[in-house]
Amino acid sequence: MIVLLGLIVFLYAFASHKNDARKVSKPNVEFIGENNLYITNENVSKLLIQNYQGFKNESKEALDLNELENALKSNPLIKSAEVYVAVNGTLNAKVEQKTPVARVSTNASYYIDDEGSFMPLSGNYSARVPLVTGYVEKNNLKNIFKVAQKIKNDDFLKKHVIEIHQSIDKVIFLRLRQCKFLVQLGDVKLLDKKINNLKAFYQKSLKENTLNDYKKVNLQFDNQVVCSK
């Protein structure tokens, strides 16, 4: 009985050592979340290779998976990453990309992601999100992000809003698809109420066929929409 137990322990230790010593193969990359690839499979594989030179010849035991994960996360297009090695020696990376909600087009061009942070443009895919123009500071995106997030989560706004403009004094305007007028939001206080007023105005004007009669629709005033022709 003791001999049998010793044999089992030996075989387990031998198998574990053999598994740890198994050479790591070419990385297998899996994207989770959106199907739009701002960063490609090849880009991720290249990052892994660059940050672990000669990984194909390393044993599983020698791999620093945290180091590889951090290397992937350092890419400004990647939101999160998990790196692990399968029993057969395959290096696997699960990658979640950042999701843009708006695209800034001023003296610099970049996205704002769904956490309100900077996200660079991608040469692989261009997101269909509202354009942001005017006076925008990369380290002060809070108000723009709040409006962009509202647009993303609202079917009416997502369908109609094509541009967010911020003036030098932080007044926010919206431009709607196929509409000549400019919507003046002002600040982001009472944003839900302002958007509800915009929807009511739009539906009423659409019914009356008067949408193109206005140059500006001002939502800054409480409980009313002020239009100018």
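Select helix H4, residues 142–152: Ile144, Phe145, Val147, Ala148 and Ile151 are buried there (under 20% relative accessible area with a 1.4 Å probe, protein chains only; exposed is over 50%, and partly exposed lies in between). Viewed down the axis of H4, these buried residues fall within an arc of 165 degrees, so they line one face of the helix; the arc is taken from the directions from the helix axis to the C-beta atoms. Helices (H or I, at least four residues) and strands (E, at least two) are DSSP runs, numbered from the N terminus.

This is a predicted model, in which local features need pLDDT of at least 70 and side-chain atom pairs count only at pLDDT 80 or more, while totals for chains, interfaces and linings use all residues. Residues are numbered from 1 along each chain as its sequence is written, and side-chain values use heavy atoms, without hydrogens and water.

Next, select Asn143, also in helix H4. Asn143 is partly exposed, with a relative accessible area of 29%. Not counting residues up to four places away in sequence, Asn143 touches Gln166, Ile172 and Val188 (contact: heavy atoms within 4.5 Å).

Then display the largest nonpolar core, which has 34 residues; such a core is a set of buried Ala, Val, Leu, Ile, Met, Phe, Trp, Tyr and Cys residues joined through side-chain atoms within 4.5 Å. Val147, Ile164, Phe181 and Leu185 have the most contacts inside it. Among the elements giving two or more residues to this core are H4, strand E8 (161–166) and helix H6 (191–208).

Centre on Ile164: its contacts beyond four places in sequence include Ile144, Val147, Ala148 and Ile151. Finally, a second, separate core of 19 residues includes Val29, Leu68, Ala93 and Met119.
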